[in-house]
Amino acid sequence: MDAKRLYFASLLLFIIVAIAYGPIPQPQSYHDFADDREFLNIPNALDVMSNLAIVFPGLVGLAFVHERRNDPLVSDDETSIHITIFAGMVLTFAGSVWFHLEPNDSTLLWDRLGMTIVIGSSISLMINDFWDKELAGRIHIPIILASIISLLWWPVFDDLRLYFIVKHHPFILLPIFLIYGTRQYDKISGYFWGLSMFILATIFEFSDTAIYDMTGFISGHTLKHIAAGIGLWFLMAMIRDRVEIDFEEE
């Protein structure tokens, strides 16, 4: 079975599991964070300020994309994927800051919007890096739109299933492409480190109160932002530093 069939089979499996599981509403307890301390008149200060870890790789990424905008070795389609990844990081920062200043479902939507764009762009990036560059360019915008629609499904139907499908699909796609795809670049470690840090961030998120009670000065949600920022930095650095493999020389 090739990467293409496994890709669609994994997506179909996610959909079947989601249908069988049933609707997933947003728990309102999610908005009750362990560390609500105020600093410099900023409510939930550490959860707000820790978002700097997320915006930094986005700004650095946009800067180097601008610097190499005339590089003939990087196609316009690939550049578009890079721009949406890094712009999504900046949007995630802005949305998360707004959400933690005023935690509720409405602001959480904007928090997740940036993450959804980063995730959708990462799917396009993996298709570009391991499968088919031309295909990635053609379906990049549709993937972004589908990712955004999956998020907008939530406030309309109070159901997070489509969002969770998009959010977790890269964890299935990467091993498929590693086994059945063809590497186009010399560096792929950013994928491993990035996904590993996102898994760690999820663990921190679900251990928000336990970590704060244990440390007394930092919460799991604050550590989630830091871990996610480190993962995004690894992804950005991989894109910035990698070189395309010349198969003719091999």
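**Ground rules**

Before looking anything up, I wrote down that buried means under 20% relative accessible area, exposed means over 50%, and partly exposed is in between (1.4 Å probe, protein chains only). I am working on a predicted model, where local features need pLDDT of at least 70 and side-chain atom pairs count only at pLDDT 80 or more, while totals for chains, interfaces and linings use all residues. Residues are numbered from 1 along each chain as its sequence is written, and side-chain values use heavy atoms, with hydrogens and water left out.

**Aromatic pairs**

I started with the rings, which pair if the centres of Phe, Tyr or Trp rings (for Trp, the six-membered one) lie within 6.5 Å; planes under 30 degrees apart are stacked, over 60 edge-to-face, and the rest tilted. The structure has 12 such pairs.

I looked up F56 and W233, a stacked pair with 5.5 Å centre to centre and 5° between the planes. F56 sits in helix α3 and W233 in helix α10, 177 residues apart; helices here are DSSP runs (H or I, at least four residues), numbered from the N terminus.

**The cores**

Then I went inside, looking for nonpolar cores (sets of buried Ala, Val, Leu, Ile, Met, Phe, Trp, Tyr and Cys residues joined through side-chain atoms within 4.5 Å). The largest one has 28 residues, and those with the most contacts inside it are I85, F86, L125, Y191 and I239. Which helix gives the most to this core? I found that α5 does, with 6 residues. Apart from this core lies another one of 11 residues, among them F33, F99, L109 and Y163.

I checked what I85 touches, with contact meaning heavy atoms within 4.5 Å. Leaving aside neighbours within four places in sequence, I85 meets V118, S121, S122, L125, L235 and I239.

**One histidine**

I picked H221, found in helix α10. H221 is buried, with a relative accessible area of 2%. What does H221 touch? Not counting residues up to four places away in sequence, I listed Y30, F33, D47, H100, F204, E205 and D208.

**Salt bridges**

My last stop was the salt bridges (a side-chain nitrogen of Lys or Arg within 4 Å of a carboxyl oxygen of Asp or Glu). A search of the whole structure turns up 7 of them.

I followed K133 to E78, where the closest N and O atoms are 3.2 Å apart. K133 lies in helix α6 and E78 in helix α4, so this pair ties together parts 55 residues apart in sequence. K133 is partly exposed at 26%, whereas E78 is buried at 3%.

E78 also meets R242 in a salt bridge, at 3.3 Å from N to O. R242 is in the segment after α10, 164 residues from E78. R242 is buried too, with a relative accessible area of 9%. Which residues end up in one network? Salt bridges that share partners join E78, D129, K133 and R242.

Terms used
Helix = DSSP H or I, 4+ residues; strand = E, 2+ residues; numbered from the N terminus.
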